[in-house]
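Me: I would like to learn how to read paired strands and charged side chains in a protein model. Could we go through it step by step?

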Amino acid sequence: MTGLKRETKETQIQVEIDRNGGSIDVETDEVFVTHMVETFARYAGIGIKLRATGDMKHHLMEDVAITLGLALRKEIPAKAERYGSATIPMDDALVRASIDVGGRAWYEGTLPSDLWEHFLQAFADNLGATLHVIVDRGRDRHHIVEAAIKATGMAIRQAMREGDSVFSTKGSVQLEWTEEEL
């Protein structure tokens with residue numbers, strides 16, 4: 001399980017994530033953000049406890065995405081399957097998501113909401129993942145965004161499954177942080 005607390009003068013966020021599942025307990029200042037984080041966790045198959053408050057919707061969404069991405073990054077197994085993709089139909093919407101959790105951050109998307117585009121961008125950047133979200137069709141913005149979150153969650157579930165070897169021609173990537181001044 002990974003826990004992370006992130007505080008700024010704009011937001012206060014605390015999250016605990018268990019990649020092996022568990023309860024889902026999310027509280028934010030925005031009802032739809034709460035609903036989407038709960039939905040993501042359910043489709044990703046992760047346990048989560050998240051508390052988040054903020055001075056405005058944009059700051060709250062961005063900082064929740066940053067914190068969620070950073071915490072989930074710590075949960076990626078060394079022998080993760082690495083890649084995942086899913087297509088979700090939701091009423092009028094049909095959305096695809098494909099992800100690579102191999103440590104290279106990139107986001108491409110086509111959501112009809114700048115806030116949710118920014119959310120997924122911040123999430124992918126801080127997760128260190130390549131995430132592509134493609135909206136094949138849809139008229140209702142709520143349905144499109146929710147289908148995108150569900151597809152991203154299902155893709156993460158696949159990508160984080162533990163395999164029997166490191167899935168990369170590079171082998172495992174080793175990072176060592178130091179506190180020395182250069």
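Me: Are Lys5 and Glu7 buried or exposed?

Reply: This is a predicted model, so everything I tell you about it is computed from predicted positions. Lys5 is exposed, and Glu7 is exposed as well.

Me: How far apart are the closest N and O atoms of Lys5 and Glu7?

Reply: The general idea is that side chains of opposite charge can pair when their charged atoms come close. In this case the closest N and O atoms of Lys5 and Glu7 are 3.3 Å apart, and the two residues form a salt bridge. By the rule used here, the count comes to eight salt bridges.

Me: With which residue does Arg51 form a salt bridge, and which parts of the chain does that pair tie together?

Reply: Arg51 forms a salt bridge with Glu27, and their closest N and O atoms are 3.7 Å apart. Because Arg51 lies in strand β4 (residues 47-54) and Glu27 in strand β3 (residues 24-27), this pair ties together parts that are 24 residues apart in sequence. Arg51 counts as partly exposed, at 27% relative accessibility, and Glu27 also counts as partly exposed, at 44%.

Me: Which residue in β8 stands opposite Leu94?

Reply: Leu94 stands opposite Arg137 in β8. Seven bridges join β6 to strand β8 (residues 130-137), and these strands run antiparallel.

Me: Which side chains meet in a salt bridge at 2.8 Å, N to O?

Reply: The side chains of Arg96 and Asp136 meet in that salt bridge, at 2.8 Å from N to O. Arg96 lies in strand β6 and Asp136 in strand β8, so the pair ties together parts that are 40 residues apart in sequence. Arg96 is partly exposed at 34% relative accessibility, and Asp136 is partly exposed with a relative accessible area of 35%.

Note on methods. Residues are numbered from 1 along each chain as its sequence is written. This is a predicted model: local features need pLDDT of at least 70, side-chain atom pairs count only at pLDDT 80 or more; totals for chains, interfaces and linings use all residues. Side-chain values use heavy atoms; hydrogens and water are left out. Two strands pair if DSSP finds at least two bridges between them. Helices (H or I, at least four residues) and strands (E, at least two) are DSSP runs, numbered from the N terminus. A salt bridge is a side-chain nitrogen of Lys or Arg within 4 Å of a carboxyl oxygen of Asp or Glu. Buried means under 20% relative accessible area, exposed over 50%, partly exposed in between (1.4 Å probe, protein chains only).
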